[in-house]
Amino acid sequence: MRIVALAGGIGGARFLRGLQAAAPAAEITVIGNTGDDITLFGLRVCPDLDTVMYTLGGGINEDQGWGRTGESFTVKEELLEYGVGPGWFGLGDRDFATHIVRTQMLAAGYPLSAVTEALCDRWKPGVRLIPMTDDQVETHVVIDDPEQGRRAIHFQEWWVRLRAAIPAESIALVGAGDAKPAPGVLEAIEAADVVLFPPSNPVVSVGTILSVPGVRAAVAAKTVVGVSPIIGGAPVRGMADACLTAIGVETSAQAVAELYGPDLVNGWLVAEADSGVRVDGMEVRSRPLLMSDPEATAAIARAALDLAEELA
Ligand code: FO1
């Protein structure tokens with residue numbers, strides 16, 4: 001069975017681990033969000049790609065859901081001694097190696113998809129991880145800063161430094177309009193038996209991947225099952241609520257289903273608290289959705305696959 005998943009960061013990576021357990025014989029291709037990518041200290045950092053790679057490769061800091069396990073921060077401390085920031089983004093020593101290798105390969109002319117393949121040669125995540133595009137796309141957020149007035153900042157600054165404490169007036173996917181799907185993205189979608197939307201952030205993760213020209217149409221042609229990232233009116237983790245509010249969408253399983261729409265998503269898994277969700281043209285099923293442990297996560301992934309097979 002060929003499965004394609006559009007994945008963001010922490011929630012997406014956790015779900016993928018459950019998907020591997022639920023369908024050990026499946027061929028899984030992950031199309032990773034690169035809108036969170038940022039250049040720091042001259043190095044290209046790809047948070048969502050790295051979270052998937054480390055989580056499925058066994059190197060993730062499990063509690064954080066990002067960065068490496070067994071991390072130290074000597075380089076970061078030394079940079080701060082030189083007064084070189086930003087200090088608000090926690091880059092660890094082991095993580096720096098990933099960004100140095102990636103930046104070196106990018107500088108040598110390798111596209112991000114080739115770099116990601118090379119990094120995965122080490123981590124062996126057990127899925128094919130392809131960035132949504134080899135072109136540069138960055139999510140920026142417009143805020144009305146009490147001190148500095150209205151300005152656009154990188155998503156990571158809003159997410160990590162500000163913790164989304166200042167509301168986002170709008171979210172801009174800089175470069176998305178000119179981006180091309182990375183090699184293999186459209187082919188993987190077209191060849192898929194099912195496309196899954198993990199419980200990733202529907203705005204800045206799944207939404208960003210869908211914003212790459214050609215991807216939404218390719219996905220819409222397939223059987224698509226999504227897992228709601230919102231349970232009982234709140235995101236389980238992260239700040240999907242702040243992102244949904246920024247685009248004028250209510251934080252609910254119903255609103256996210258409508259945001260994706262029945263033309264795109266055929267099946268929608270919601271938590272029992274949201275069993276009242278109804279969208280014409282979409283098959284909605286409710287079940288426990290908390291990825292509380294690997295077994296629970298595998299059961300959710302299994303339910304998504306079962307629904308997809310029913311709808312195919
Ligand atoms: N998230 C934080 O909340 N604080 C951090 O200091 C932080 C550092 C970091 C370093 C590397 C990396 O790959 C991810 C990191 N993240 C951090 C998470 C990141 O901001 C988010 O995982 C994604 O961008 C959103 O899914």
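Trainee: Which residues line the largest cavity?

Mentor: Keep in mind that this is a predicted model. The count comes to one cavity of 30 Å³ or more, and the space in the largest cavity is about 30 Å³. Its lining consists of I10, A13, R14, T51, T55, I60, E62 and G65.

Trainee: And which element gives the largest share of that lining?

Mentor: Two helices, α1 (10–22) and α2, each supply at least two residues of the lining of the largest cavity. By class, this lining divides into three nonpolar, three polar and two charged residues. The largest share, three residues, comes from α1.

Trainee: Let's turn to the pockets. How much space lies in the largest pocket?

Mentor: Rolling a probe the size of a water molecule over the atoms shows where empty space is left. For the largest pocket, that space comes to about 950 Å³.

Trainee: Which of its lining residues are closest to the centre?

Mentor: Let me begin with the classes: the lining of the largest pocket has 23 nonpolar, 13 polar and seven charged residues. Of the 43 residues that line the largest pocket, the closest to its centre are G9, I10, G11, W159 and R237.

Trainee: Which element gives the most to the lining of the largest pocket?

Mentor: The elements that give two or more residues to this lining are α1, α2, α4 (93–107) and α6. With five residues, the one that gives the most to the lining of the largest pocket is α2.

Trainee: Now for the ligand. Which pocket does the space taken by the ligand correspond to?

Mentor: Helices α2 (47–57) and α6 (155–161) are the elements that give two or more residues to the shell around the ligand. As for the space taken by the ligand, it is the largest pocket.

Trainee: Which residues come nearest to the ligand?

Mentor: By class, the shell around the ligand has seven nonpolar, three polar and four charged residues. The largest share of the shell, three residues, comes from α6. Of the 14 residues around the ligand, those that come nearest are D36, D48, G90, Q156 and R163.

Trainee: Which residue has a polar backbone atom 2.8 Å from an oxygen atom of the ligand?

Mentor: Let's set the side chains aside: an N or O atom in the side chain of D48 is 3.1 Å from an oxygen atom of the ligand, and one in the side chain of W66 is 3.5 Å from a nitrogen atom of the ligand. The backbone atom at 2.8 Å from a ligand oxygen belongs to G90.

Trainee: Which element gives the most to the lining of the second largest pocket?

Mentor: This pocket has a volume of about 150 Å³, and its lining residues include I171, L173, P202, Y260 and R216. By class, the lining has eight nonpolar, three polar and one charged residues. At least two residues each come from β8 (168–174), α8 (206–210) and α11 (253–260). With three residues, the element that gives the most is α8.

Trainee: Let's finish with the backbone. Is the peptide bond from G85 to P86 cis or trans?

Mentor: Most residues other than glycine have a negative phi, and most peptide bonds are trans. P86 is placed in the loop between α3 (74–81) and α4. With omega near 5°, the peptide bond from G85 to P86 is cis.

Trainee: And is the phi of K124 positive or negative?

Mentor: K124 has its place in the loop between α5 (112–123) and β5 (128–131). Although K124 is not a glycine, its phi is positive, about 45°.

Definitions and conventions: Residues numbered from 1 in each chain as written. Predicted model: local features only at pLDDT ≥ 70, side-chain atom pairs only at ≥ 80, totals over all residues. Heavy atoms only, no water. Near = heavy atom within 4 Å. Polar contact = N/O pair within 3.5 Å; in protein donor to acceptor, adjacent residues only side chain to side chain. 1 Å grid on protein atoms, 1.4 Å probe; cavity = no way out; pocket = protein on both sides within 12 Å on 5 of 7 lines; lining within 4 Å. Sits in = over half its atoms within 2 Å of the grid points. Helix = DSSP H or I, 4+ residues; strand = E, 2+ residues; numbered from the N terminus. Nonpolar A, V, L, I, M, F, W, Y, C, P; charged D, E, K, R; others polar. Points joined across faces, edges and corners; volume = space filled by probe spheres on them.
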